[in-house]
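Hi everyone, thanks for coming. Please have a look at the sequence and the structure, and I'll walk you through a few side chains.

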Amino acid sequence: MNDPGAAGVSSRQTEPVFLLGIAHRSGTNYLAELLDQHEAIAASPLPEDFLVAKLAFLEEYVRRVQGEWSARWDRDSAARELRSRLGLGLAGYLASDAAPRAGRVLARTPSVDGLTMLRRYFPKAHVILLIRDGRAVVESGMRSFQWSFDDASLRWARAARTIDQYRSQDPSAERSIVVRYEDLVADPDKALTALLGFLSLDTATYPFQRIAQTGVIGSSELKATGGDLHWDQAAIPDFDPLARFSHWTANQHKRFNWLAGRELGLLGYQPLHADEGLTNAAAQRLHSAAAACRPRELRRRFRRLLRGSPPAR
């Protein structure tokens with residue numbers, strides 16, 4: 001079998017850079033805009049490609065194809081190469097559509113679905129995992145897209161568990177890095193310097209002076225200030241994304257802790273108003289039971305049951 005990274009295939013094609021946000025509202029557009037300003041990075045023209053997020057479909061394809069092969073063949077080895085070749089084709093697709101300048105191709109998606117399968121298809125890719133405090137993600141989503149508090153909290157918790165699992169099993173851990181959105185906003189120069197080092201790119205050619213000129217992209221503050229949500233850069237007076245959930249009540253914190261508190265700790269965030277008492281547990285279970293009786297929630301649970309998904313806690 002031939003090496004998918006053999007001569008004739010450039011690193012531009014075999015080593016894409018995947019920027020994966022823990023969820024929508026985690027800052028992937030902002031970080032992609034900053035990275036794209038380096039001369040050796042060419043961002044994919046697809047705003048969000050979701051190539052990694054849908055790898056489960058490729059896994060099913062490989063499984064079905066492998067099932068047709070003779071047991072006398074080295075099916076496992078052949079399946080590994082098939083995955084590598086499929087990944088090479090996807091990376092080539094990204095490279096062909098990106099700007100023609102030399103360098104690495106940057107692909108971004110605000111989701112970590114499919115993350116645990118990534119190395120089977122992209123063994124040489126660099127992976128940037130952008131995380132953000134789940135409480136800020138939930139609040140931003142509620143403002144921008146009218147997300148349900150409980151649903152958004154559970155989605156964020158599931159994504160946090162996916163990241164934790166990936167980090168514990170990644171066979172190429174040196175090619176993965178976790179970036180906290182809070183650190184990126186607090187000190188973008190420091191965060192970008194670390195990322196460029198991770199990607200082995202020259203910091204001397206990066207236009208750090210442009211960082212302060214990079215506007216807000218898709219913030220929920222656009223709606224809060226009376227405008228429409230859009231993904232063009234915009235200037236927002238007194239913009240402070242780190243204070244997104246500062247107005248939350250103790251009950252909101254307790255609800256989030258019940259739904260995603262353990263996962264908050266997995267990613268290094270500290271819960272507020274922690275309450276492990278029996279009274280709080282009873283109140284949270286009652287809250288969940290009441291929510292489950294609402295027609296919209298009943299329809300959602302019925303759809304989940306049809307898909308075979310486990311019930312939410």
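Let's begin with Asp76, which sits in helix α4; helices (H or I, at least four residues) and strands (E, at least two) are DSSP runs, numbered from the N terminus. Asp76 and Gln66 are ten residues apart in sequence, and their C-alpha atoms are 8.2 Å apart in space. Their side chains make a polar contact at 3.1 Å. A polar contact here is a pair of N or O atoms within 3.5 Å; within protein, one must be able to donate a hydrogen and the other to accept it, and residues adjacent in sequence count only if both atoms are side-chain atoms.

A quick word on where this comes from: it is a predicted model, in which local features need pLDDT of at least 70 and side-chain atom pairs count only at pLDDT 80 or more, while totals for chains, interfaces and linings use all residues. Residues are numbered from 1 along each chain as its sequence is written, and side-chain values use heavy atoms, with hydrogens and water left out.

Now, how many salt bridges does the structure hold? There are 13, a salt bridge being a side-chain nitrogen of Lys or Arg within 4 Å of a carboxyl oxygen of Asp or Glu.

One of them pairs Glu59 with Arg83, with the closest N and O atoms 2.6 Å apart. This pair links distant parts of the chain, as Glu59 is in helix α3 (residues 55–68) and Arg83 is in helix α4 (residues 75–97), 24 residues apart. Are Glu59 and Arg83 buried or exposed? Both are buried; buried means under 20% relative accessible area, exposed over 50%, partly exposed in between (1.4 Å probe, protein chains only).

Next, Asp170 and Arg119 form a salt bridge at 3.0 Å, N to O. Asp170 lies in the loop between α7 (149–169) and β5 (176–180) and Arg119 lies in helix α5 (residues 118–121), so the pair ties together parts that are 51 residues apart in sequence. Asp170 and Arg119 are both buried. Also, salt bridges that share partners join Glu59, Arg83 and Arg120 into one network.

Last, some backbone angles. Most residues other than glycine have a negative phi. Arg25, though not a glycine, has a positive phi of about 75°; Arg25 is in the loop between β1 (17–21) and α2 (28–35). Phe50 is not a glycine either, and has a positive phi of about 60°. You'll find Phe50 in the loop between β2 (41–43) and α3.
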